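Have the structure open as you read along.

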Amino acid sequence: KILIIDFGSQVTQLIARRVREEGVYSEIVPFQSAAKAFAEMKPKGVILSGSPASVSDDNSPRAPQEIFDSGVPIFGICYGQQVMAEQNGGAVEGGHAAEFGRAEVKVLQDSPLFEGVWKKGEEYPVWMSHGDRITKLPDGFEICAVSEHAPFAVIANEQRRYYGTQFHPEVVHTPQGAALIRNFVRKISGCQGDWTMKAFREEEIERIRAKVGKGKVICGLSGGVDSSVAAILIHEAIGDQLTCVFVDHGLLRAGEAEQVVTLFRDHYNIPLVHVQAQDMFLDALAGVSDPEVKRKTIGRLFIEVFEQEAKKIGGAEFLAQGTLYPDVIESVSFTGGPSVTIKSHHNVGGLPERMNMQLVEPLRELFKDEVRKLGYELGLPEIFVGRHPFPGPGLAIRCPGEITREKLDILRKADAVYLDEIRKAGLYDKIWQAFAVLLPVRTVGVMGDGRTYDYACALRAVTSTDGMTADFYPYDMAFLGRVATRIINEVRGINRVTYDITSKPPGTIEWE
Ligand code: XMP
């Protein structure tokens, strides 16, 4: 077992994910409760995360002294490295030129951390993101690697098995980072690597049973992989104590509602309530163009509908959701944490306090691809598990500006044509997410002999492994040309098609 102490970095879950990929169980705890968790869990190794805080600020967080006294191996990442250095007699200074992005580190000496990965004397790319740096090494530490701006890029106290990196080994932009984490977890901490999705499924089922007891649970189904996997897992844990509620908010893609109802009612035999709430949502969204207002409006109505359904079903104390880790991290500040609000995800944000149901979120620690693995583990069909993610607020956030029923119809048609072409070209599984966006601009065109003045539409397609970062998909131009021609010919209301070539960051995947 590995304990990960979280100081509030945006990417702490990636550390946990890397550890899971090594088949090792890990838990993330916020620094405030780290001492207690450490005593209870008795981990074989501890990882200290990065942080938006600065070690040189008053009141910035520290690791509990117990872990340094315990003799377990420790791996400090970025802020975690600085905390480790400072708490063991070194010094850290702020105010240096901040360093972000790619850097090259040069390996000065061999270390068990580098075994089989990095060689002495060679240079390797890493991803840096920091403002502070160490200025004095604590006794017993040595420098194992340097970069141009980070004289303490990797430090180690081999005797105590303490390691620290100024860069982030957990992100994919540090290509051998996962291998360094593997060395820490498997070789240095001596963890076995026998933890699997099967184990996750069993542990999570036990956790759900323990939490829910004989209580009733309502699960919000969206039609996507996440809520479906959550529902099936919960159904496996507690059977018909679960009722699924599928709210049709009028912001779904073509044919989606029918598919969900068939799969759950007929195929899985899970109790399902299909709520027709299209008018309620679309009326509330009329005239709204601010993305955050849209998201919050949808979130609020969703909760209201749930409350009503919960009352009808009667006696449900729990609300289940397929919230994933990227939803959590991008919304933390909304729920009071330290990182910055990018978007208020409607399955986490907007939960009014008056709602007196407890949340059951069995996927809260997982990334999308891990949820897919869990879906296969649960026997979900490939075509369902392989589906692209679809956001809770649906087409509302793919229709910048004001939403109308007419625009939604146009968008549904364009989206269906686009996805049809992607499937025909055999590209669906190569793409993380693909969809059309209806732009709130009309442009002039010419069709036949006539002038047109219609909407422009943007196509989006990205590759990603976790939704946190993404690249646009490099279609060939002939494919794009085909899609554009079909959309303009078949979808009335669109006379221009563009392709979005923004990656994330700096863009986000959805347009709002
Ligand atoms: P962004 O646009 O933030 O999207 O780069 C990252 C991933 O999250 C999905 N997404 C959402 N999923 N509720 C959800 O369940 C939401 O409110 C929401 N907003 C974005 C998005 O489709 C992408 O997969």
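## Strand pairing at one edge

Let's start with Ala 320, whose bridge partner in strand E16 is Val 360. Please keep in mind that this is a predicted model. Strand E15 (residues 316-320) and E16 run parallel and are joined by three bridges.

## The whole sheet

Stepping back, these strands belong to an open sheet of five, ordered E14-E13-E12-E15-E16 with parallel pairing. E14 and E16 (358-360) each have a single partner strand and stand at the edges, so one side of each lacks a neighbour in the sheet. From one strand to the next, the twist averages 30°.

Over at E14, strand E13 (residues 242-248) runs parallel to E14 (residues 272-276), with five bridges between them. Here Cys 244 stands opposite Leu 272. To get from E13 to E14, the chain passes through helix H8 (residues 256-267), in a right-handed β-α-β crossover.

## A helix across the strands

Now look for H7, which lies across E12 (216-221), E13, E15 and E16 and runs at about 160° to E12.

## The nonpolar cores

The largest nonpolar core has 80 residues, and those touching the most other members include Val 217, Ile 234, Ala 320 and Ala 414. Helix H7 (residues 225-238) gives the most to this core, nine residues. Domain 2 (197-385) and domain 3 (399-499) each supply at least three residues to this core.

Beyond its neighbours within four places in sequence, Ala 414 is in contact with Ala 436, Leu 438, Cys 457, Ile 487, Val 491 and Ile 494. There is also a second, separate core of 58 residues, with Leu 3, Ile 4, Val 19 and Ala 34 among them.

Methods:
Residues numbered from 1 in each chain as written. Predicted model: local features only at pLDDT ≥ 70, side-chain atom pairs only at ≥ 80, totals over all residues. Core = buried A, V, L, I, M, F, W, Y, C linked by C-beta atoms within 7 Å. Buried ≥ 20, exposed ≤ 12 C-beta atoms within 10 Å, placed from the backbone. Helix = DSSP H or I, 4+ residues; strand = E, 2+ residues; numbered from the N terminus. Domains from an automatic or database assignment. Contact = placed C-beta atoms within 7 Å. Pairing = 2+ DSSP bridges. Right-handed = clockwise from strand over helix to strand, strands pointing away. Axes fitted to C-alpha atoms, helices over the stretch in contact; angles between N-to-C directions.
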